[in-house]
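Subject: The two-chain model, and what turned up in it

Hello,

Here is the structure I promised to pass on. Please open it alongside this note, and I will walk you through what was found.

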Amino acid sequence: MTEKIPVTVLTGYLGAGKTTLLNRILTEPHGKKFAVVVNEFGEVGIDNDLVVGADEEVFEMNNGCICCTVRGDLIRIIEGLMRRKGRFDGIIVETTGLADPAPVAQTFFVDQDVSEKTRLDAVITVVDAKWLGERLKDAPEARNQIAFADVIILNKIDLVSADELATVEAQIRAINPYATLHKTERSAVNLEAVLGRNAFDLDRILDIEPDFLEPGHHHHHSAEIGSIALTVPGDINPEKFMPWINEFTQTHGPDILRCKGILSFKNEPKRFVFQGVHMILDGDLQRDWKPDELRQSKMVFIGRKLDRAMIEKAVEATRA
Amino acid sequence: MSTAPHTSLTAHVMPIDIGEHVLRCGFVGPQPVLALADGQVVFVKEDGLTRTRPHGDAAILVAHIRHDQILTGGEDGRVIRTLADGRIDELGNEKGRWIDALTASATGAVAWSTGKHITARDSKGEIRTREAPSTVQGLSFLPKGYRLAYSHYNGASLWFPNSEANPESLEWKGSHIDISSSPDGRFVVTSMQENTLHGWRLSDKKDMRMSGYPAKIRSMSWSHDGDWLATSGAEAAVIWPFKDKDGPMGKPPRECGVRPAKITQVAFHPNALVLAIGYEDNCILLCRLTDAAELLVRVPVKGQGSITALAWDKTGKKLVFGTSEGAAGLLTLP
């Protein structure tokens, strides 16, 4: 079985520094070759041999799931790229500033041919430190991109004061306290920070710890998109939990952007981990619980209009 | 794998050392030809292989083989015709945009697409273009007249390139991939993202759904008499009856070549009800529809990939094939 080609999705609002980051990834002396999929073909200054123009056409799958949208053009492009082997070590998909990252991500789980040959490595969102505040007011896409991210590059920090930076960081954390955040000037970041993240690999779900900048701050935000984290002591009954999580993601799928969990199932020596994108859930038993490890279950949901009381009550009812 | 010697044709297969993913294969005149994903067009001649690179360093994305030429569309955005003697000419240049689909008619018309943009070139070289409602996935000329069928999101369209009239639309929600019309022009069939086939009877646009496949259907082949449509995508070749005026509606499909491996390519014999079947494990069988008799053409070899191209010559005496890992061969029937 050959190794699947990793795919990195690069999002961010217009002018945030996506292309700068892309060129940095392409030109660093790492000895790796990439195929780059861009939305605007012929866009200025992408320094790479293999650049493919995409149309960003999204369509709904006919599987009765309204949030299950995929990028048809991406399916075709990946099919084409994967036929000619050995040309590249990874694929980078750059989306437009206005794009919703979900259809791109879902393409890698929904399409059988694509998921047999490639794996989604991570969603990287580049954010403009100076203008994020404005964007959050007028562009729902900007909020979506932050909520969806595994890695956030908070860029152009040289253009803001320390206070402004603290504010923008708090705004990001209010939406997504789980992504890894890097503060940069001119998108200068170590490549290990953006490549080889394995963010969708169940084996890499090690812990779920939110990173709230200022304790207490997140309690006051009234943003439409936010996150809910739960910790449940003791064991969970899988026969109650699995039907609930399936039903919950099916009915609230359009509003749940991402979810992740590490669960302690009764009489199960291994940790059960899951992660999901909208309605698409992936879960499996992982490593053994260590003897000195506290057996408890943690999960996080990032999305819109999440009802904390309802989720807490439902999860509580699945305890063993 | 054990097979009784009298049912095996393996001794009549000449291996061809190709070395790259075979995108498509066929015959130009009597000569087998293969289009490779890395950009090569390879002619198999008496004295060996002649390899050319019509697109330079660029990869070939789509290819169509006619009795007198091979057409290729590349990552360089060019559409190139290569003749049996190796002469090439450029039919189109989309300035570096990937050529997504490519087809040709029996009378010499050619069509290709890039994104939503379709170009039709008639046998005299006259060019017409059109924008589709969304990215074009598949192209197929109808058997009669100069009429092009193309598939896209939420259906397919039928276009007379020489007419100012808007194309006729065939609607069905979802993403339609490959498209094919029956040899008598009564039906158009598409394969869909959700592992189903969709068909329309053109006389009244009646919908036909053909489902139950475990994988996408990326190969379809009509029998020489037009009565049957063979399809890949399952662990048996699924063959739909199209003889009656309702097509396959209300009738179960025939199945043949059942093996514990998915079928990736099907090719009907040009003048008999015999189907060549290629599998994901690079096995090939011939299957006779009348009595389901099977003949072994190729034993699966580990590490040689799946059958990605399979085609008969026009006499039905030779069958050429290729795999995703660069194996290929030529069967000459005894």
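Before the details, one term: two strands are said to pair if DSSP finds at least two bridges between them. Please also keep in mind that this is a predicted model.

With that term in hand, let me begin in chain B. Strand β28 (residues 307–312) of chain B pairs with strand β29 (residues 318–323) of chain B in the antiparallel sense, over five bridges. Is β28(B) buried or exposed? Six of its six residues are buried, so this strand is largely enclosed by the rest of the structure. While you are looking at strands, a general point: in a regular strand the side chains alternate between the two faces of the sheet.

Stepping back to chain B as a whole, its secondary structure comes to zero helices and 30 strands. The radius of gyration of chain B is 19 Å, close to the 20 Å that the globule rule gives for 334 residues, so chain B is as compact as a globular protein of that length. Taken along the principal axes, its C-alpha atoms fill a box of roughly 60 × 50 × 30 Å. Buried residues make up 51% of the 334 residues in this chain. Of the contacts in chain B between residues at least 6 apart in sequence, 43% join residues at least 24 apart.

Now for chain A. Here the secondary structure comes to nine helices and 14 strands. Its radius of gyration is 20 Å, close to the 20 Å that the globule rule gives for 320 residues, so chain A is as compact as a globular protein of that length. The C-alpha trace of chain A spans about 55 × 50 × 40 Å along its principal axes, and 44% of the 320 residues count as buried. Among contacts in chain A with a separation of 6 or more, residues 24 or more positions apart account for 76%.

The sheet to look for in chain A is an open one of seven strands, with parallel pairing and the order β3-β2-β6-β1-β7-β8-β9. Its edge strands are β3 and β9 (180–183) of chain A, each of which pairs on one side only. From one strand to the next, the twist averages 20 degrees. Within this sheet, strand β1 (residues 5–12) of chain A runs parallel to strand β7 (residues 118–128) of chain A, and eight bridges join them. One pair to find there is A:V9 and its bridge partner in β7(A), A:V123. Helix α7(A) packs on the sheet, where it touches β7, β8 (151–155) and β9 of chain A. The direction of α7(A) makes about 160 degrees with that of β8(A).

Chain A is also divided into domain 1 (5–200) and domain 2 (217–316). Their C-alpha centres lie 25 Å apart. The contact between them takes 20 residues from domain 1 and 18 residues from domain 2. On the domain 1 side, the elements that give two or more residues are α3 (101–110), α6 (140–148) and α7 (162–175) of chain A. Which of them gives the most? That is α3(A), with five residues. The domain 1 side divides into 16 nonpolar, two polar and two charged residues.

Finally, the place where the two chains meet. The contact takes 17 residues from chain A and 20 residues from chain B. On the chain A side, β3 (50–53), α2 (72–83) and α4 (112–117) of chain A each give two or more residues. The most comes from α2(A), with five residues. In this case the chain A side divides into four nonpolar, six polar and seven charged residues.

Methods:
Residues numbered from 1 in each chain as written. Chains lettered and ligands numbered in written order. Predicted model: local features only at pLDDT ≥ 70, side-chain atom pairs only at ≥ 80, totals over all residues. Buried ≥ 20, exposed ≤ 12 C-beta atoms within 10 Å, placed from the backbone. Helix = DSSP H or I, 4+ residues; strand = E, 2+ residues; numbered from the N terminus. Contact = placed C-beta atoms within 7 Å. Nonpolar A, V, L, I, M, F, W, Y, C, P; charged D, E, K, R; others polar. Domains from an automatic or database assignment. Rg over C-alpha atoms; globule rule 2.2 N^0.38 Å. Axes fitted to C-alpha atoms, helices over the stretch in contact; angles between N-to-C directions.
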